[in-house]
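Please keep the sequence and the structure in view while reading.

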There are 2 protein chains.
Amino acid sequence: MTTDSYAPTTRTAPTRLRERVAYDRDLVHAALDEAVLCHVAFVDDGAPVVLPQLHVRVGEVLYLHGSTGARAMRGSLVDGLDVCVTVTHLDGLVLARSAFHHSANYRCVVAHGKAHLVTDPTEKDEALRHLVDAIVPGRSDHVRGPSRRELAATAVLRLDLEEVSYKSRAGAPGDDEEDLDLPWWAGVLPLRQSVPQAPVPAPDLTSGIEVPAHVTGWSRG
Amino acid sequence: MTTDSYAPTTRTAPTRLRERVAYDRDLVHAALDEAVLCHVAFVDDGAPVVLPQLHVRVGEVLYLHGSTGARAMRGSLVDGLDVCVTVTHLDGLVLARSAFHHSANYRCVVAHGKAHLVTDPTEKDEALRHLVDAIVPGRSDHVRGPSRRELAATAVLRLDLEEVSYKSRAGAPGDDEEDLDLPWWAGVLPLRQSVPQAPVPAPDLTSGIEVPAHVTGWSRG
């Protein structure tokens, strides 16, 4: 049965700043969905490796995308590869009166688990369609879908969202009482991520094709 | 002797798409310096963990910042912890005529090595000053510097930049010849990251302190 929260485990339990950690599925889902990319860590020959990957969440499954030739995906051919997937939103710079209390406002999801290669053609096809629509909502109706050969050349990893935590910081700097009268400006500089700029048509685009609404209307966060 | 490039190793050599990989120090430095945060992976009890951290590059050294209580930093107390530090800039969404050729424009730095806890007080003090100024240039002259107690509560990890690679994609979609006449718009939607919004003064800010130029003029990328 699905509850509203993920159950904390030894490695998702907070080691400090308890108040910043949560396990709510809503918070986790929103942060995963807002991100265009995630960072995927795995162990290769005993050493850690972390690489960026595109992802899409479908319910309680996170699909990761890559080429079958990519390092992370080759590793995955060992079925059940241990991964840690992290998504981070940098929401602002926290400028305190003391150097020590400088910080960042952020939202971060960390998911642990075993990644499995998606082998079922239908699940793979659907995952890739979801991926295209996660990155650009509405896009999958305006492209040529994958051929059998292209599907074979694309690796999709599946991570079930079970061991997941959410960590965040928001709001004003937390200066010490005795620093409040210092003559320094303190506050937050909010940041926006992934702000779209003017679309750049492909140089070989057939003339007369206008920029579609799913591109001009794209936004995140 | 320092050369203009990092020497490729087994794990930084490309496994595919060779043309996207580089080892130029200039490219690596610029991408590290533009990023406010990085993702640090390490192995904890045999499993991978990746967490966001603030960083600053000083020459060929990357300093990572955290609390002494944080999981990544506790691990680091084992001197010489293997880490992988990755910085990713998402520069744009690449929208091709085929789903298969959808991609992202990005710049990504991956650095491997052993992280060491900075114990020398002078190096630590300087690293933290560099860190504040890396995040907000000019800020370190407008704050109260760290006390001895605060310095002790702050952990700084040092990673020498030796095994480093740079990977990127830029430019238009790479559609297949036979798809060029399809009736779908193709091109790139450029994205800007960390776009500053209006500064938010701390609620308890002493009245009369104006937002300083190092805040109003902040920009990245």
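## Strand S6 of chain B and its partners

In this predicted model, strand S6(B) pairs with strand S8 (residues 163-169) of chain B in the antiparallel sense, through 7 bridges. Within S8(B), Glu163(B) is the bridge partner of His112(B). A further antiparallel pairing joins S6(B) to strand S7 (residues 154-160) of chain B over 2 bridges. Here Leu157(B), in S7(B), is the bridge partner of Leu117(B).

Strand S5 (residues 81-95) of chain B also runs antiparallel to S6(B), and 13 bridges join the two. One of the residue pairs is formed by Cys84(B) and its bridge partner in S6(B), His112(B).

## The largest nonpolar core

Which residues touch the most other members of the largest nonpolar core? They are Val83(B) and Val85(B), in a core of 39 residues. The strand that gives the most to this core is S6 (residues 103-117) of chain B, with 6 residues.

The surroundings of Val83(B) can be listed, leaving aside residues up to four places away in sequence. Val83(B) touches Val40(B), Ala41(B) and Phe42(B), as well as Ala111(B), His112(B), Gly113(B), Ala115(B) and Leu159(B). Val83(B) also touches a residue of chain A, namely Pro48(A).

## Two copies and their axis

How is chain B related to chain A?

Most residues other than glycine have a negative phi. Ser194(A) is not a glycine, yet it has a positive phi of about 50 degrees. Ser194(A) is found in the loop between strand S9 (187-192) and strand S10 (195-196) of chain A. Is this residue buried or exposed? Ser194(A) is buried, with a relative accessible area of 9%.

In chain B, Ser194(B) likewise has a positive phi of about 50 degrees although it is not a glycine. Ser194(B) lies in the loop between strand S9 (187-192) and strand S10 (195-196) of chain B. With a relative accessibility of 9%, Ser194(B) counts as buried.

## Aromatic rings

How many aromatic pairs does a search of the whole structure find? Over all chains, the number is 0. A charged side chain does lie over an aromatic ring in each of two places: Arg25(A) is over the face of Tyr6(A), at 4.3 Å from the ring centre, and Arg25(B) is over the face of Tyr6(B), at 4.3 Å from the ring centre.

## Chain A as a whole

Chain A contains 5 helices and 11 strands. Its C-alpha trace spans about 65 × 50 × 35 Å along the principal axes. Of the 221 residues of chain A, 52% count as buried.

Contacts in chain A between residues at least 6 apart in sequence may also be considered, and 69% of them join residues at least 24 apart.

Definitions and conventions. Residues are numbered from 1 along each chain as its sequence is written. Chains are lettered from A and ligands numbered from 1 in the order in which they are written. This is a predicted model: local features need pLDDT of at least 70, side-chain atom pairs count only at pLDDT 80 or more; totals for chains, interfaces and linings use all residues. Side-chain values use heavy atoms; hydrogens and water are left out. Rings of Phe, Tyr and Trp (its six-membered ring) pair if their centres lie within 6.5 Å; planes under 30 degrees apart count as stacked, over 60 as edge-to-face and the rest as tilted. A charge sits over a ring if NZ of Lys or CZ of Arg is within 6 Å of the ring centre and within 35 degrees of the ring normal. A nonpolar core is a set of buried Ala, Val, Leu, Ile, Met, Phe, Trp, Tyr and Cys residues joined through side-chain atoms within 4.5 Å. Buried means under 20% relative accessible area, exposed over 50%, partly exposed in between (1.4 Å probe, protein chains only). Helices (H or I, at least four residues) and strands (E, at least two) are DSSP runs, numbered from the N terminus. Contact means heavy atoms within 4.5 Å. Two strands pair if DSSP finds at least two bridges between them.
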